[in-house]
Amino acid sequence: MNSKIQLLLAVTALTACAGAPERRDINLPGRSLSAVYSNAVQVGDTVYLSGKLGLDPETGAVPSSIEDEVRNALDGLAEVLAAAELEMNDLVSVTVYCTDPALYDQFNAIYATYFDGTFPTRAFIGSGPLLRGAHFEVKGIAVRSR
């Protein structure tokens with residue numbers, strides 16, 4: 001066996017011995033027991049957040065105001081991040097699905113206020129219809145930086 005293959009096998013064995021980072025499901029109180037997803041999954045220092053709609057938390061309906069819908073979606077992400085002991089500034093990537101890309105500027109006006117001036121990477125994707133008649137679904141990936 002040549003030395004490159006031996007080295008590769010040794011590194012692979014060491015990596016396997018070290019074990020994969022532990023997985024932890026993060027779920028908010030009150031989440032339906034029939035939900036077939038987690039609010040977030042943490043693997044090592046990385047947290048993967050499920051999509052959040054901007055529904056009114058009291059009624060479960062889409063608010064009449066686009067601004068309220070955006071705030072609800074982003075507040076929902078912030079709540080899940082807090083459960084993982086993270087904050088919005090720990091987000092490194094955000095994906096926004098939107099039924100009407102013409103709402104881009106309205107979304108951004110509120111989105112910018114959730115960060116300290118350093119923004120995660122982001123995709124703003126025009127989509128077809130979203131669940132419950134929402135205009136936005138927002139998901140993200142965060143990395144513990146402290």
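Contact here means heavy atoms within 4.5 Å. The model is a predicted one.

Start with the whole protein chain, coloured by secondary structure. It has three helices and six strands, arranged along the sequence as α-β-β-β-α-β-α-β-β. Of its 146 residues, 32% count as buried. Among contacts in the protein chain with a separation of 6 or more, 67% join residues 24 or more positions apart. The chain exposes about 8,800 Å², and carbon and sulfur atoms supply 56% of that area.

Next, select L49, L74, M88, L91, F107, F136 and V138. These residues have the most contacts inside the largest nonpolar core, which has 29 residues. Now show β3 (46-53), α2 (66-83), β4 (91-98), α3 (104-111) and β6 (136-143): each supplies at least two residues of this core. The largest contribution, seven residues, is from α2.

Which residues is L74 in contact with, leaving aside its neighbours within four places in sequence? Select M88, F107, I110, Y111, Y114 and V138 to see them.

Move to α3 and show its side chains. Its buried residues are F107, I110 and Y111. They lie on the same side of α3 because they cover an arc of only 100 degrees around the axis. An α-helix has 3.6 residues a turn, so residues three or four places apart point the same way.

Finally, turn to the face of α3 directed away from its buried side, where D105 and A109 are exposed.

Key
Residues are numbered from 1 along each chain as its sequence is written. This is a predicted model: local features need pLDDT of at least 70, side-chain atom pairs count only at pLDDT 80 or more; totals for chains, interfaces and linings use all residues. Side-chain values use heavy atoms; hydrogens and water are left out. A nonpolar core is a set of buried Ala, Val, Leu, Ile, Met, Phe, Trp, Tyr and Cys residues joined through side-chain atoms within 4.5 Å. Buried means under 20% relative accessible area, exposed over 50%, partly exposed in between (1.4 Å probe, protein chains only). Helices (H or I, at least four residues) and strands (E, at least two) are DSSP runs, numbered from the N terminus. Accessible areas come from the Shrake-Rupley method with a 1.4 Å probe; for residues, only the protein chains shown count as cover. The arc is that of the directions from the helix axis to the C-beta atoms.
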